[in-house]
Amino acid sequence: MNPQFETLNEFFAMGGHALYVWLAYGSTIGVLLGNFFMLRSAKKRQLRELKWSARVAAEELATENE
Amino acid sequence: MSLKELWHKLGSPRWFYQMSSPWVTAFGFAAALLLVIGVIWGLVYAPQDYQQGNSFRIMYVHVPAAMVAQSVYIGMGVAGFVLFVWRMKLADVAIAACLPFGVMLTTLALFTGGVWGRPTWGTWWEWDGRTVSTLVLLFLFIGIYALREAIVDVELRGRASALLAMVGTINIPVIKYSVEWWNTLHQPASFTISEKPTMPPEMWLPLLVMVLGIYCYAAHNIMSRMRIEILQRESRTQWVRNLFVVDKVSGT
Amino acid sequence: MVGLEELVCKRDERPLFAPLTMTVNGGDCVEVLGPNGAGKTTLLRTIAGLHKQYDGVYDCANFIFQGHRIGLDELMTPLENLAWFGSLQGAKFNDQVMQDMLLKVGMAKLALTPCQRLSQGQQRRVAMAKWLLSSAKVWLLDEPYTSLDRAGQDLLNEVLAEHCGKGGVVMAATHVPLRVGKLRTLNVIPSEADS
Amino acid sequence: MFAPLFARELRVLLRNRGAVFNPMAFMFLAVMLFAVGSPLTDNSRAQFGGAILWIIVLLTNMLSLDSLFRRDYDNGVLEQVISTAAVPFVAVLSRMLVQWIGTGLLMTLLAPLLCLFLGLPNQAIPITMLALLLGTPALSLLGAVGAAITVGFSRGGILLGLLVLPMFLPVLIFGASAISQAVAGEGSSAPLYWLAFISMLALTIGPFATTAGLRISLQMQ
């Protein structure tokens with residue numbers, strides 16, 4: 001199995017189809033990565049909120065017990 | 001663990017949350033590995049198509065997206081069935097998680113299809129059979145999405161969307177077949193962009209890798225969405241609170 | 001005839017009231033009491049099988065349900081509505097019997113007028129004839145006194161008393177006290193608002 | 001049990017003439033708009049007439065579906081059906097059947113007129129009628145599922161279209177090609193068989209799914 005391109009320039013040119021190939025791959029990778037990072041930040045935000053409310057609940061419980 | 005036990009445990013979002021953690025990581029890594037291999041293989045090593053040249057390489061991102069998008073819908077139909085028959089809460093969580101991901105993937109498939117169509121057909125948009133099937137799929141996703149937006153009550157929202165997903169899933173084969181049939185009638189005499197049966201292994205192997213990669217990505221993505229949704233819904237329960245109290249104690 | 005065991009109705013996954021347990025026997029007339037929004041309507045709809053979100057167990061068979069919406073087709077006459085109601089349950093009412101019932105609720109004169117020309121109170125009376133015709137033992141009524149005039153309310157009391165006297169069961173959510181011989185009360189206590 | 005319920009629905013249909021008349025008026029109006037808006041030549045009429053006819057049929061059906069359960073939902077008849085009927089399914093099925101009579105069957109009978117207005121040749125009329133007869137039940141049966149799910153919303157119209165139109169696509173494809181094949185003088189048995197198959201499939205899932213949808217919608221009250 002050999003690379004289909006001799007030089008890096010040839011690779012980027014994609015035999016004249018550069019715009020389409022790179023647009024398709026770029027959009028796919030962009031969407032997949034973007035989605036991944038969006039989910040991660042959503043998860044972090046949620047964890048922060050849940051931690052906060054758990055602490056509030058725990059403190060409320062502690063004051064009730066006193 | 002017997003199947004029956006597993007079934008009962010699936011009824012508990014808590015159990016799913018705890019058990020899914022390693023799976024999410026595993027699917028994430030598998031997806032990353034497969035997608036990196038697949039992209040490089042498809043872009044650099046796969047041979048050119050004798051007719052389409054290098055624009056053929058778009059297939060490696062377009063076909064997996066379209067395929068997995070359809071699987072996600074069918075998966076949603078199955079989840080709908082489970083929700084409808086066994087009233088399993090987790091199934092509603094799964095539907096809620098599949099929807100945004102499905103819409104995203106279908107849109108992506110349509111976009112890359114258009115980008116592929118430009119050099120092959122000379123137009124960004126062609127009413128090809130596959131295009132129409134994918135577009136209908138997008139409308140089916142959007143319909144359920146809109147329905148879920150319109151219903152406030154969590155339980156009713158789940159049941160209504162489950163019913164619709166089931167009916168839609170039954171309809172998908174009919175829609176696909178009818179569109180293919182229509183396509184053979186109206187297809188202008190140009191070649192179709194499809195995996196030809198004579199495609200050599202060095203062409204379809206990277207496709208296989210990409211398909212598997214997107215499947216793993218889908219599993220990772222949908223499971224993480226489900227985990228977020230579960231925490232959201234169960235945020236008032238003790239087990240969710242305990243998750244964080246323990247964290248705090250060990251942290252100090 | 002109606003059994004509730006730790007029944008809690010829910011909406012949007014939230015319980016509406018404290019668990020209810022009750023066994024209703026033939027001849028009982030049960031007044032379902034509770035403040036606005038306590039879930040009386042939802043309770044009756046649950047027992048009628050229209051609302052599916054609940055915990056606990058209930059058991060009820062051979063019933064009719066009367067909700068806020070009267071349940072008459074306004075394009076059809078009272079007589080046609082009664083006949084339709086019968087065919088829903090697979091029964092065929094005799095014309096004579098239907099007329100007798102409409103006479104009893106004071107609607108015989110309007111038996112052939114489309115329901116859209118009847119007032120709300122008159123439609124309620126037609127609904128009463130509907131209950132009387134059905135062979136159901138259990139009547140689940142939601143605010144049965146709504147839009148009835150004095151005479152109508154008296155008539156309703158009479159009809160309910162008669163039904164209970166024959167060993168039937170009435171469960172009615174109401175703010176107007178029922179005037180029926182043997183009255184039992186089911187208090188629906190709203191569960192604490194969970195913030 | 002079926003006969004009296006069916007008779008009742010028919011009677012309601014006869015008294016509620018607007019529900020039948022208005023969609024039909026809309027249908028002819030739409031035909032006029034198409035005919036005037038697109039200067040069809042004889043050739044293109046034969047080519048596109050079938051597709052235009054089916055699109056209009058689809059839209060007309062969708063419009064009439066919105067009112068399929070609306071009145072019964074609002075006046076409480078529907079909750080009586082679901083709560084007290086011995087077999088709610090039968091009542092729902094008869095309601096759906098009558099809706100089809102008021103739209104699909106009527107359209108089938110009016111098909112010669114539609115063909116005339118759209119400029120389809122006379123030889124296509126029998127196939128057009130047959131295609132409508134076989135295809136419209138699927139529209140009513142599948143559409144009823146969407147109507148049942150959206151009846152609880154005060155403005156369900158657009159959502160209903162979004163839910164049911166994608167499912168109508170196969171009917172459009174086979175219906176339109178049955179007509180265009182008939183116009184071209186070819187046999188059109190294949191699409192007709194397909195229309196019959198889709199209607200049978202819709203008959204097996206439609207009524208059950210519709211009853212389930214109504215049960216869900218009634219809980220929104």
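Two residues are in contact here if their C-beta atoms, placed from the backbone, lie within 7 Å. The model is predicted. With that cut-off in hand, start with the chains.

Four pairs of chains are in contact, and among these pairs chains A and B share the most contacts. Chain A contributes 29 residues to this pairing, and chain B contributes 37. On the chain A side, one element leads: helix α2 of chain A, residues 18-65, supplies 21 residues, the largest share.

Chain A does not touch chain C; the nearest C-alpha atoms of the two are 13 Å apart. Chain D does not touch chain A either. Here the nearest C-alpha atoms are 26 Å apart.

Next, look inside chain B. Helix α3 (residues 59-86) of chain B packs with helix α5 (residues 129-150) of chain B. Their axes are 11 Å apart, and the angle is about 40°. The crossing of α3(B) past α5(B) is left-handed.

Which residues of α3(B) and α5(B) meet? From α3(B) come Ala66(B), Ala69(B), Gln70(B) and Tyr73(B). They face Arg130(B), Thr134(B), Leu137(B), Leu140(B) and Phe141(B) in α5(B). By class, this helix contact holds six nonpolar residues, two polar and one charged. Arg130(B) is the charged one, because Arg counts as charged.

Definitions and conventions:
Residues numbered from 1 in each chain as written. Chains lettered and ligands numbered in written order. Predicted model: local features only at pLDDT ≥ 70, side-chain atom pairs only at ≥ 80, totals over all residues. Helix = DSSP H or I, 4+ residues; strand = E, 2+ residues; numbered from the N terminus. Axes fitted to C-alpha atoms, helices over the stretch in contact; angles between N-to-C directions. Left-handed = near helix turned anticlockwise from the far one by under 90°.
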